[in-house]
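Subject: Structure for your review

Dear colleague,

Please find below the structure that I am handing over to you. My findings follow directly after it.

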Amino acid sequence: MKQKNQGLWTIKSFVIMLVVTFIGVPILIEGILQDALHSLFKNDLYAGTATGFVMAAVFLSALYGLMVQAGDRKIGF
């Protein structure tokens with residue numbers, strides 16, 4: 001019997017990624033961490049660059065974590 005392709009995203013993983021993207025990052029990283037990095041570096045350019053790096057790491061980590069969690073589904077290219 002042929003197995004139906006379940007797709008890459010489930011509703012649960014999609015909602016988790018939306019929460020990370022639209023709630024977690026703006027509140028935690030852009031709000032709290034940005035101010036802490038600005039007081040640490042005393043420079044807007046360095047604080048903004050570090051904030052962007054942390055945001056990229058959070059996005060990629062969340063996406064990678066969700067895709068590893070989806071390891072039981074066949075993911076093909």
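Two rings of Phe, Tyr or Trp count as a pair if their centres lie within 6.5 Å, and the pair is called edge-to-face if the planes are over 60 degrees apart. On that basis, this predicted model holds one aromatic pair. The partners are F41 and Y46, with ring centres 6.4 Å apart and planes at 75°, so the arrangement is edge-to-face. F41 itself is partly exposed, at 36% relative accessibility.

Overall architecture

The protein contains two helices and zero strands. Helix α1 spans residues 11-41, and helix α2 covers residues 44-69. Of the 77 residues, 17% count as buried. The accessible surface amounts to about 6200 Å², and carbon and sulfur atoms contribute 70% of it. Among contacts with a separation of 6 or more, 66% are between residues 24 or more positions apart.

The loop between the helices

K42 is located in the loop between α1 and α2. Its phi is near 60°, which is a positive value in a residue other than glycine. K42 is exposed, because its relative accessible area is 67% and the exposed class begins over 50%.

T51 belongs to helix α2. This residue is buried, because its relative accessible area is 5%, whereas the limit for that class is under 20%. A polar atom of the T51 side chain lies 2.7 Å from the backbone oxygen of A47. Once neighbours within four places in sequence are set aside, T51 is in contact with I29, Q34 and L37.

E30 is found in helix α1. With a relative accessible area of 43%, E30 is partly exposed. Not counting residues up to four places away in sequence, E30 touches V25 and M55. The C-alpha atom of E30 is separated by 9.1 Å from that of G52, a residue 22 positions away along the chain.

Points to locate in the viewer

- the edge-to-face pair of F41 and Y46;
- K42, with its positive phi near 60°;
- the side chain of T51 and the backbone oxygen of A47;
- E30 with V25 and M55.

Yours sincerely

Definitions and conventions: Residues numbered from 1 in each chain as written. Predicted model: local features only at pLDDT ≥ 70, side-chain atom pairs only at ≥ 80, totals over all residues. Heavy atoms only, no water. Helix = DSSP H or I, 4+ residues; strand = E, 2+ residues; numbered from the N terminus. Buried < 20%, exposed > 50% of the residue type's maximum accessible area, 1.4 Å probe, protein only. Contact = heavy atoms within 4.5 Å. Areas by Shrake-Rupley, 256 points an atom, 1.4 Å probe, with all protein chains shown as cover. Polar contact = N/O pair within 3.5 Å; in protein donor to acceptor, adjacent residues only side chain to side chain. Phe/Tyr/Trp six-rings, centres within 6.5 Å; stacked < 30°, edge-to-face > 60°.
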